[in-house]
Amino acid sequence: MDPYGDHNRKILSPLDKVSMEEVAVSQVQESAVTDRPNELSELGTSLVEHLTDLRKQLIKSTVVFLFFFIIVFSSINFWFPYVTRGHELIILGPLEVIKFYMSISLALSLGLSLPFVSHFLWQFVKPGLNEKESRFIGFYSPAMLLLFIAGVAFGYFVVNPLSYQFLISMGSLNFNVMVSAQEYIRFLLMSTVPLGLLFEMPIVALFLAAIGILTAETMRKVRKWSYLIIAVLSAVITPPDFISQLLVMFPMILLYEISIYIVTFIERRRAKSEHIHILNETNE
């Protein structure tokens, strides 16, 4: 062992140590600056890929919608009896025929293309969801579509004919009733499409309960106010007669009660799973 070996070591002064620390910090900063463009480049690439995918799904949705629009418009005489139901309609100008046919074609093609559009949007959002979110949306998307169809069907088969006959009968007491084609299609859409949206209430309640915003207890506490809001909505979205309002209000109240039951079921299921998880941790 060399007793003079320590003389060969390099002795660092405090100033030298400080300078070495500064060099290390500067190297870290340089590496961070170097990595930042790479991160920005990857983020930009990912954003471009998402926008490209969204563009693809929108193009496919548009193509499907235009396909159904052309089919419906070219076969308008087939759909005409189902829309008018044998009612005698008048037109007030040459362009009103085109407006009437366009309104029918747009509404029917939108309804026929809705399942395909939902599928295309699902294909876009699916890669960005985790397993739980993917399972949730994948299970309830068909339910949303079925509820929308049920609401439109309820409006078409129940609300629209009853309210139309009531209003025509009331008007015929003092007036010669002549219904224009444009007013009729507007009345038909007003008594069907909003009901399809309102029938989504259980799914909306289920989603709010899943993210912790809504509870069954809260829905029970505001039940009276909710009924009042439902009555106001029924008066706003339906034709101006109390028959239509009652026909819409009672199913909405029933759906509200069903929503409370669904939220209660979800809460009990969640509490049960949490209890089982705590027991498993305790046993471990």
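**Notebook: salt bridges, rings and burial**

I began with E183, which counts as partly exposed at 42% relative accessibility; buried means under 20% relative accessible area, exposed over 50%, and partly exposed in between (1.4 Å probe, protein chains only). The model is a predicted one, in which local features need pLDDT of at least 70 and side-chain atom pairs count only at pLDDT 80 or more, while totals for chains, interfaces and linings use all residues. Residues are numbered from 1 along each chain as its sequence is written, and side-chain values use heavy atoms, with hydrogens and water left out.

**Salt bridges**

I searched the whole structure for salt bridges and recorded 3, the criterion being a side-chain nitrogen of Lys or Arg within 4 Å of a carboxyl oxygen of Asp or Glu. Side chains of opposite charge can pair when their charged atoms come close.

E183 pairs with R186, and their closest N and O atoms are 3.2 Å apart. Both residues belong to helix α5 (residues 181-190), where a spacing of 3 residues separates them by about one helical turn. I took helices (H or I, at least four residues) and strands (E, at least two) as DSSP runs, numbered from the N terminus.

I next noted R220 and E217, whose side chains meet at 3.9 Å, N to O. They too are 3 residues apart, in helix α8 (residues 216-221), and about one helical turn separates them. R220 is partly exposed at 36%, as is E217 at 43%.

Which residue forms a salt bridge with E257? I found R223, with the closest N and O atoms 3.0 Å apart. This pair links distant parts of the chain, E257 being in helix α10 (residues 242-283) and R223 in helix α9, 34 residues apart. E257 is partly exposed at 27% relative accessibility, and R223 has a relative accessible area of 27%.

**Aromatic rings**

I counted 13 aromatic pairs; rings of Phe, Tyr and Trp (its six-membered ring) pair if their centres lie within 6.5 Å, with planes under 30 degrees apart counted as stacked, over 60 as edge-to-face and the rest as tilted. One of the pairs, F154 with F199, is tilted, at 6.0 Å centre to centre and 35 degrees between the planes. F154 lies in helix α4 (residues 131-171) and F199 in the loop between α6 (193-198) and α7 (201-210), so the pair ties together parts that are 45 residues apart in sequence. Both F154 and F199 are buried.

I also recorded a cluster in which ring pairs link F65, F69 and F73. The charged end of R85 sits over the ring of Y156, 3.8 Å from its centre; the test requires NZ of Lys or CZ of Arg within 6 Å of the ring centre and within 35 degrees of the ring normal.

**Helix α1**

Is Q57 buried or exposed? I found Q57 buried, with a relative accessible area of 5%, in helix α1 (residues 14-74). Neighbours within four places in sequence aside, Q57 is in contact (heavy atoms within 4.5 Å) with F120, Q123 and F124. I70 lies in helix α1 as well, yet I70 is exposed at 56%. I70 and S109 are 39 residues apart in sequence and 8.5 Å apart in space, C-alpha to C-alpha.

**Whole chain**

Among contacts between residues at least 6 apart in sequence, 82% join residues at least 24 apart.
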